[in-house]
Amino acid sequence: MSRETEGSSESSITPGKIQYKLIEYVEDLDRYCHGGYHPLKIGDKLDDGRYQLVDKLGYGGYSTIWLARDLRRARYVAVKAVTADTSAYTPEAGLLYSLGNSPFRPGKEIIPPLIDEFLGCRLFDAKEASTSGLFRPKVAQSITAQLIRGVAFLHSESIVHSDLHLGNILVQFPDAIGRLSTSELYKLFGEPESETVIRRDGKPLSNGVPAHVFIPGWFGVPSDDLVFGEEKIILSDFGESFNPHKTPRFSSKTLPLLQPPEAIFSDESLSFASDIWTLAYRVTAEQVEVLGILPPEWWGKWSRRLEWFNEKGELKPETSRSHDGIRRTWDQRFGYCIQQPRAEAGLEKITEKEKSAFEDMLRSMLTFRPEERATAQQVLHSEWMKGWGEPALAYDSRTNLNI
């Protein structure tokens with residue numbers, strides 16, 4: 001991801017020949033250079049010895065994320081170490097500070113503090129680690145409702161998150177995890193894993209290049225094991241967030257399949273509607289199958305449209321993902337992707353009434369033209385939220401909010 005913020009400058013890091021032997025599941029080692037990653041290791045202490053690194057949580061193109069022990073308050077926190085070039089202009093710290101000082105309203109609870117308490121695992125990882133890839137029905141309702149409410153809060157503060165996906169939604173661990181010592185944590189989840197960094201030419205490592213890099217640890221719960229009442233989520237990674245009233249943004253840096261159609265086909269600046277789209281779906285040929293042909297002013301701009309469709313927007317039989325070349329309706333896709341897996345996993349299926357309300361909500365969020373798309377407040381007050389989302393939140397004993 002790149003940063004596109006007011007007053008930003010391009011990174012001085014330039015791609016070159018790969019210098020190091022490949023190590024899977026770690027950051028790009030060639031970015032340990034001037035302007036790049038800061039070399040850190042397990043055991044390092046930060047902020048005058050207050051925070052001690054105990055494991056690695058993850059990495060991105062512009063940061064590494066670490067699990068640290070707050071030695072003063074005996075708790076675990078997440079520490080994000082951004083690259084040197086990025087640290088001068090990333091808006092994330094200032095934005096989180098501003099949001100933290102805003103008046104409390106429903107939805108603010110999923111916004112992390114500037115110093116993150118240890119959160120747990122990404123929703124993406126929780127699904128990947130499970131047998132079925134599913135959440136229990138009430139858990140799924142609560143997570144969806146929390147996310148909708150959180151996005152509504154952000155938009156009320158004039159902030160577009162701009163990078164909503166399962167990798168940036170975290171499930172917070174129970175408070176009991178914070179009471180574990182580091183040795184107890186390792187006993188429960190395993191010791192940190194590291195790999196030796198070796199130059200391809202056999203020469204010694206340059207200054208600033210770590211001798212070892214760490215594989216991100218797994219601190220999670222499989223989605224099908226997540227119990228209702230323990231599904232508190234946190235929205236993370238505000239590095240691409242912006243205020244559309246102050247900083248025009250004309251391109252999306254989120255995952256390509258999640259980008260809103262206006263980021264691809266329109267010359268207008270992005271705004272709050274882009275979050276609503278990525279909250280609900282992803283941009284692929286499947287959307288035209290389910291939602292219908294793109295608006296006329298965009299249809300001609302889609303250079304690859306004729307790979308799947310004729311000019312009338314009719315799916316070519318030879319490109320259909322189904323065996324018979326027939327376009328699948330919403331009901332058919334819902335049955336295949338949601339109801340059937342739930343039945344096979346022994347989970348309660350979604351009722352026809354909830355399915356209808358959920359479809360209405362999603363379709364309002366997936367309107368192609370951003371000016372016609374539902375706002376976060378409209379989604380917040382949708383029939384699905386009133387009938388299923390809000391009741392799930394009300395039953396969560398940890399929320400204790402008047403919705």
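Strand 3 (residues 63-70) and strand 4 run antiparallel, with eight bridges joining them. Strands here are DSSP runs of E with at least two residues, helices are runs of H or I with at least four, and both are numbered from the N terminus. Two strands pair if DSSP finds at least two bridges between them. Within this pair, Thr 64 sits opposite Ala 81 of strand 4. The hairpin has four residues between the two strands, and Ala 74 takes a positive phi near 50° there.

A quick word on where this comes from: the model is predicted, so local features need pLDDT of at least 70 and side-chain atom pairs count only at pLDDT 80 or more, while totals for chains, interfaces and linings use all residues. Residues are numbered from 1 along each chain as its sequence is written, and side-chain values use heavy atoms, with hydrogens and water left out.

How enclosed is strand 4? Six of its eight residues are buried, so the rest of the structure largely encloses it. Buried means under 20% relative accessible area, exposed means over 50%, and partly exposed is in between (1.4 Å probe, protein chains only).

Now for Lys 80, which belongs to strand 4 (residues 75-82). An unreviewed UniProt entry lists Lys 80 under "binding site"; UniProt positions follow the numbering used here, feature names are shortened, and annotations may be inferred rather than shown by experiment. Setting aside neighbours within four places in sequence, Lys 80 is in contact (heavy atoms within 4.5 Å) with Ser 63, Thr 64, Ile 65, Glu 92 and Asp 237. With Glu 92, the link is a side-chain to side-chain polar contact at 2.8 Å. A polar contact is a pair of N or O atoms within 3.5 Å; within protein, one must be able to donate a hydrogen and the other to accept it, and residues adjacent in sequence count only if both atoms are side-chain atoms.

Elsewhere, His 381 lies in the loop between helix 12 (376-380) and helix 13 (383-394). Its side chain reaches the backbone oxygen of Gln 377 at 2.8 Å. His 381 and Arg 149 are 232 residues apart in sequence, yet their C-alpha atoms are 9.9 Å apart in space.

Here is how some residues compare in accessibility:

| Residue | Relative accessible area | Class |
|---|---|---|
| Lys 80 | 32% | partly exposed |
| His 381 | 47% | partly exposed |
| Cys 33 | 33% | partly exposed |
| Cys 121 | 6% | buried |

As for disulfides (pairs of cysteine sulfur atoms within 2.5 Å), the count is zero.
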